[in-house]
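Please load the model in your viewer and keep the selection tool at hand.

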Amino acid sequence: MRRRRINVRMPAIGGQGAVTAAHIIATAADHAGYHAVSNPFFGAEKRMAPAESYVRIGIEPIYDRGEVVYPDVIMVFHSQVITMGKSYTMPFYSGIKRDGLIIINAEEDLLSDRDKAFLESLNVKVFNFSATKFALEIAGTELATNMAMIGAFFGITQIAGMESIEEGIKARFLKKFVASGGTMSLDSAIERKFKKKLELIEKNINTAKAAYELANQWAKEQGIEPWLPKPQEVARV
Amino acid sequence: MQKTEQVQYNRAGQRVVSPEYMLFEAPRTKHFMTGSEVVKEAVKRSSVDASVSYPITPQSEAAHMIGELWVEGYVGVYFRGESEFGVMSEIAGCAMAGARTITTTSGPGTLRAMENFPMWAGSRLPIQLVLMARGINSPLSIQPDNLEVSFLLDTGCMIWHAETAQELFDMIIAGFVVAEQPDVHVPIVTVVDGFFISHTREAVMLPPDDIALPPYNPYKAPMPPIDMEMSPGRFLRDPYVMKSNYISYATHASWQFEVRAAIERSRPYAKHLLRGLIEEFGDPEGDLVFVASGTAAAQAKEATQILIHEEGVKARVVRLKTLRPFPTQELIQAVQGAKYIFVPEFNVVGWLEREVRRALYGHVDIPVIGSPRVAGGMTMPPEFIVKEILQFLGKEVKHVV
């Protein structure tokens, strides 16, 4: 099935970086030549409380704004979204569209038979993997969970490669830093900080890449084709 | 605008260019940013003299970033007021002293500051207020809802409603230019729906940041800067009302008319710099017409595409860019041939429906339906609009799972 638009909803808990992930995904998609828009849930968030963000990616200009009520993709950042109902919508997959995709960060299968029957009736595919474990193993911190989720999203939907993902990550963590302190005038303190920052970015990219490869493999096994036409193909049409 | 052959630079060292060059000709590059960041970019290119701020969600970031511009030398004066009432009073003082001014607020802050807006208009101060709408208590809401726009409609300020971060950028720059025309010279409120614009990150095309608008020339104001003692104003001391005679009534009434006439005189300038007061979108033959502004128009556009491509319903959108002046003639013209007019809105009272009814009454005989309408910060998914339309038309709804 070839789509013209992907609407993504990311239920997470505060502090996991779902808002950052949405911005990076949108930036990467923008870099890959698509139209993209990202936004957080509009409210007061706090650590461990439900937090949500959204991305829209398409081959045509995007007008739609706000919460994604009818998503094509749902990315569950934390098991508590499912087990403790830390979600703005109940059940967490409410509104999921036919032929959709759910990515869940969990070591175990958290879906009930009822959940599975419903999702199967809509031909929704579920990719269950431990993004947090990836983050701990590769980046050495669970803070990189969002990077693994980003990698998994692009690995399955195949709408942007690692080059665009790297661009998105760098744009988020590097741009402002460089803009405010000319490289020539960096003193040693800033340089040390800068080095640390580069290391951090590299770890983030590596985490995203590992998850990208795993998810891409899974997508191929499932026979999932790229979710959107390539921007060049769109231009030809 | 001043005509000169010499290259001029403003206080921040930016090259001064004409508004037309800034808005239409300067090469633009793509940036990926939020609506709040866009406010900073627009102010940076507008030779702003003074800004006063006060935090309130969702405009706090924009206000904060104007402060960064002051640190960087792009804004002459910047400070925090003691409340929104303080902010709007202090910014008036700055404007009376001949400064180009901008401030920002949201929701309840707008209402706290309310007394000042008609005062700005009556004093003919071309202050720019960026309103990131968030609705009004009670119960408390910080989310997108634009009820406060309803309260501002008759304050004597121009009111424009941007749909995207891109349009907000262009409107802020154009806003200064239109508001400062000697025959206009009234405040300008540039509205965006909070969060939908302020917190959403999207692609924006920006001209270079080493160019800026010509500085404000207060000596072109219809009333002398600072001195508010002259006729016909006499606002500060010994106003006409103290005389309690027919002159006071006549002065007040004629000046109120004059402020509104000034808004009317802004039409050609706004039309030029905004490329029209309305935008038409969708199937030109569409007999189902959405009339909307801001984010409601964005959602209607998305719904229109679904209706056209997937449901075979001929639909179109007439988007109003300005609310004051209200584009009455443009609207009457644009809805010709319509069978139904829907007015989707993000507020409980339906202020735009009221405006549309008033504008069309006696000119066209088309039913105006104030729907769909959401409030309190709720999202209006295009699928929801489509469902509403299909149900109205008696068609099968298969879109929403």
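Two strands are said to pair if DSSP finds at least two bridges between them; helices (H or I, at least four residues) and strands (E, at least two) are DSSP runs, numbered from the N terminus. This is a predicted model, in which local features need pLDDT of at least 70 and side-chain atom pairs count only at pLDDT 80 or more, while totals for chains, interfaces and linings use all residues. Residues are numbered from 1 along each chain as its sequence is written, and chains are lettered from A and ligands numbered from 1 in the order in which they are written.

**Stop 1**

Select strand S5 (residues 101-105) of chain A. Five bridges join S5(A) to strand S6 (residues 125-129) of chain A, and the two run parallel; here Ile102(A) stands opposite Val126(A). Strand S4 (residues 73-76) of chain A also pairs with S5(A) in the parallel sense, over four bridges, and Met75(A) has Ile103(A) as its bridge partner.

Five of the five residues of S5(A) are buried. Leu101(A), Ile103(A) and Asn105(A) lie on one side, with Ile102(A) and Ile104(A) on the other.

**Stop 2: where the chains meet**

Show both chains and select residues in contact, meaning that their C-beta atoms, placed from the backbone, lie within 7 Å. Chain A and chain B each contribute 23 residues. On the side of chain A, helix H1 (18-31) and strand S2 (35-40) are the elements that give two or more residues. This side has ten nonpolar, seven polar and six charged residues (Ala, Val, Leu, Ile, Met, Phe, Trp, Tyr, Cys and Pro count as nonpolar, Asp, Glu, Lys and Arg as charged, and the others, Gly among them, as polar).

Val37(A) has Glu202(B) as its bridge partner.

**Stop 3: the two domains of chain B**

Colour chain B by domain: domain 1 covers 15-219 and domain 2 covers 279-392, with bounds from an automatic or database domain assignment. Their centres, taken over C-alpha atoms, are 27 Å apart. Which element gives the most to the side of domain 1 of chain B that touches domain 2 of chain B? Strand S7 (158-161) of chain B does, with four residues. In total, 21 residues of domain 1 of chain B are in contact with 19 residues of domain 2 of chain B.

**Stop 4: a sheet and a helix in chain B**

Select S11, S13, S12, S15 and S16 of chain B, listed in the order in which these five strands form an open sheet with mixed pairing. The edge strands, S11 (278-282) and S16, each pair on one side only. Within the sheet, S12(B) and strand S13 (residues 315-320) of chain B are parallel over five bridges, and Leu288(B) has Ala315(B) as its bridge partner.

Finish on helix H13 (residues 351-360) of chain B, whose buried residues include Trp351(B), Leu352(B) and Val356(B). The buried residues of H13(B) pack against several elements, among them H7, S12 (288-292) and helix H12 (328-334) of chain B. After H13(B) comes Gly362(B), with a positive phi near 85°.

Notes:
Contact = placed C-beta atoms within 7 Å. Buried ≥ 20, exposed ≤ 12 C-beta atoms within 10 Å, placed from the backbone.
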